[in-house]
Amino acid sequence: MTDVVQAGLWGLVAGSALLLGAGVGYGLRVPQKLVATVMAFGAGVLISAVSFELVGEAYEQAGLAPAVIGTLGGATAYTAGNAWLARRGARHRKRSGHRRSQSQPTEAQQAGSGTALAFGALLDGVPESAVIGVSLLDGGAVSLVTVAAVFLSNIPEGLSSAAGMKRAGRGRGYVMGVWGGIAAECAVSAVLGYAVVGGFSASVIAAVTAVAAGAILAMVADTMIPEAFEDTHLAIGLITVSGFLVSFALSHSG
């Protein structure tokens, strides 16, 4: 199996968790505290993966400046894109909608919000998937820690967002179509991460890795942690640290 195919398959594996979560969130009534708990745990997993697998790797490859500049650049780009989408109805795209003030708007309330939600999901998924492909450049083996981190974080993302879409009156076909498309996009992003970035120097690869890290960390702080805090409250710290330590242990095992 070629590395390009591997990148696509691993990206699809990680992205399939979005579709899995969306199916559960749309079809079943999952207790909100359970969703928030998994979201907090997934946030901790991603924070650890960003720290040790992405920013740490970028620093080792190219030094402090590319790591810092890339991370800040990724966070800035994500924040700008997120702000643009928020004005078009995608601010609460990961919210389940159980609180009226934080619910996703219907198409009647804000025209074009459905499209904004889809682009928002795309914005969240691209950096995570791209780094899966980039990780194959280091010795030809994918970072299973990164795949596991993205997979674990994608389940509550898809679950909570799909529940919110359902409350906003969006049909099953739309919801599953959005998340199925994002899952396929994850595979494409992983392939592009490997095929496009692979032709650059180590410094550029490190900078691209850091850019993805900054975007992921901004996404965690902006969307995942606020949603988790709504229902876990004081327990969020312990749950998030637990996810962090699980990912840390995986990255340092063997």
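What share of the 254 residues in the protein chain is buried? Buried residues make up 48% of them. The model is a predicted one. Its protein chain has eight helices and zero strands. Read along the sequence, the pattern is α-α-α-α-α-α-α-α.

**Helix 1 with helix 5**

- Helix 1 covers residues 3-27, and helix 5 covers residues 144-167.
- These two helices pack at an angle of about 30°.
- Their axes lie 6 Å apart.
- Angles under 35 degrees count as roughly parallel, and helix 1 and helix 5 are therefore roughly parallel to each other.
- The crossing of helix 1 and helix 5 is right-handed.
- By class, the contact of helix 1 with helix 5 has 17 nonpolar residues, six polar residues and two charged residues.

**Helix 2 with helix 5**

- Helix 5 also packs with helix 2, which spans residues 32-62.
- Here the angle is about 150°, and the axes are 8 Å apart.
- Angles over 145 degrees count as roughly antiparallel, so helix 2 is roughly antiparallel to helix 5.
- Helix 2 passes helix 5 in a left-handed crossing.

**Helix 8**

- Helix 8 runs over residues 236-251 and has 16 residues.
- From first C-alpha to last, helix 8 reaches 23 Å.
- That span is close to the 22 Å expected at 1.5 Å a residue.
- The buried residues of helix 8 are Ile236, Ile239, Thr240, Gly243 and Ser247.

- Val68 sits in helix 3, which takes in residues 64-90.
- Is Val68 buried, exposed or partly exposed? Val68 has a relative accessible area of 40%. Buried means under 20% and exposed means over 50%, with partly exposed in between, so Val68 is partly exposed.
- In sequence, Val68 and Gly214 are 146 residues apart.
- In space, Val68 and Gly214 are 9.1 Å apart, C-alpha to C-alpha.

**To take away**

- Helix 5 packs with helix 1 at about 30° and with helix 2 at about 150°.
- The crossing with helix 1 is right-handed, whereas the crossing with helix 2 is left-handed.

Key. Residues are numbered from 1 along each chain as its sequence is written. This is a predicted model: local features need pLDDT of at least 70, side-chain atom pairs count only at pLDDT 80 or more; totals for chains, interfaces and linings use all residues. Side-chain values use heavy atoms; hydrogens and water are left out. Axes are lines fitted to C-alpha atoms, for helices over the stretch in contact, and angles run from 0 to 180 degrees between N-to-C directions. Helices (H or I, at least four residues) and strands (E, at least two) are DSSP runs, numbered from the N terminus. Angles under 35 degrees count as roughly parallel, over 145 as roughly antiparallel, 65 to 115 as roughly perpendicular and the rest as oblique. A crossing is left-handed if the near helix is turned anticlockwise from the far one by less than a right angle, and right-handed if clockwise. Ala, Val, Leu, Ile, Met, Phe, Trp, Tyr, Cys and Pro count as nonpolar, Asp, Glu, Lys and Arg as charged, and the others, Gly among them, as polar. The expected span of a helix is 1.5 Å times one less than its number of residues. Buried means under 20% relative accessible area, exposed over 50%, partly exposed in between (1.4 Å probe, protein chains only).
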